[in-house]
Amino acid sequence: MELKILNVILLALSFLMIGCGESKSAIQSVETQQATNNNASLTVYKSPTCGCCQKWIDHIEENGIKIKIEHPHNLSALKDRFNIGKQYRSCHTGITENGYVFEGHIPARYIQKFLNNPPADAIGLSVPGMPVGSPGMEFKEKFMPYQIHLLKKDGTSELFALVDDPNQQ
């Protein structure tokens, strides 16, 4: 109950700050605070030699989400077990204690947004492949727009977010 009250207060403060012209930073601050308040944590399954995965993990931890790392012998079998379709796969998979999946280089703010209000028919989010410029995939000043998919229990997906600009991450 206290957590819900705190989230309502944080949301009210964000609206107040929006009125003061601080919308983007206020919303990001509230999202980060809510994830921290929710004690968000992921177990990330990845190859022990993948550098981009570690960079993504650093991004996630910097945004208040706790990480535990596992190196399974068969990452594909794990993805099969959590019903992540081949077309949605990337190099690492994060799983919450509640069983939500976060596949690939998803920015922390979208993970936090999902965890603060998970859709009833969803299993998680995915950024298929390894888009250049996404968290963990930074290369010079290059950026490739990408989609974040909402993965559904029936195996389908829908657009959760379109990231057209690095500032949206």
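At 40% relative accessibility, D80 counts as partly exposed, where buried means under 20% relative accessible area, exposed means over 50%, and partly exposed lies in between, as computed with a 1.4 Å probe on protein chains only. The model is a predicted one, in which local features need pLDDT of at least 70 and side-chain atom pairs count only at pLDDT 80 or more, whereas totals for chains, interfaces and linings use all residues. Residues are numbered from 1 along each chain as its sequence is written, and side-chain values use heavy atoms, with hydrogens and water left out.

The side chain of D80 takes part in a salt bridge with K86 (3.9 Å, N to O) and in another with R89 (2.4 Å, N to O), a salt bridge being a side-chain nitrogen of Lys or Arg within 4 Å of a carboxyl oxygen of Asp or Glu. Of these two partners, K86 counts as exposed at 64% relative accessibility, whereas R89 is buried, with a relative accessible area of 15%. By the same rule, the count of salt bridges comes to six. Another of them links E158 to K152, the closest N and O atoms being 2.6 Å apart; E158 is partly exposed, with a relative accessible area of 37%, while K152 is buried, with a relative accessible area of 17%. Salt bridges that share partners join D80, K86 and R89 into one network. In general, side chains of opposite charge can pair when their charged atoms come close.

The chain contains five helices and seven strands, which are taken as DSSP runs (H or I of at least four residues for helices, E of at least two for strands) and numbered from the N terminus. Read along the sequence, these elements follow the pattern α-α-β-α-β-α-β-β-α-β-β-β. Of the 169 residues in the chain, 43% are buried. Contacts, defined by heavy atoms within 4.5 Å, were also examined by sequence separation: among those between residues at least 6 apart in sequence, 55% join residues at least 24 apart.

Strand β5 (residues 122-127) has six of its six residues buried, so it is largely enclosed by the rest of the structure. Strand β4 (residues 101-104) runs parallel to β5 and is joined to it by four bridges, two strands being paired if DSSP finds at least two bridges between them. Within this pairing, V101 has G124 of β5 as its bridge partner. Four bridges also join β5 to strand β6 (residues 146-152), in this case with an antiparallel course, and here A122 has K152 of β6 as its bridge partner. The residue K152 that bridges to A122 is thus also the salt-bridge partner of E158. Together with helix α5 (residues 108-116), β4 and β5 make a left-handed β-α-β unit; a crossover is right-handed if, with the strands pointing away from the viewer, the path from the first strand over the helix to the second runs clockwise.

V132 is placed in the loop between β5 and β6 and is partly exposed, with a relative accessible area of 31%.
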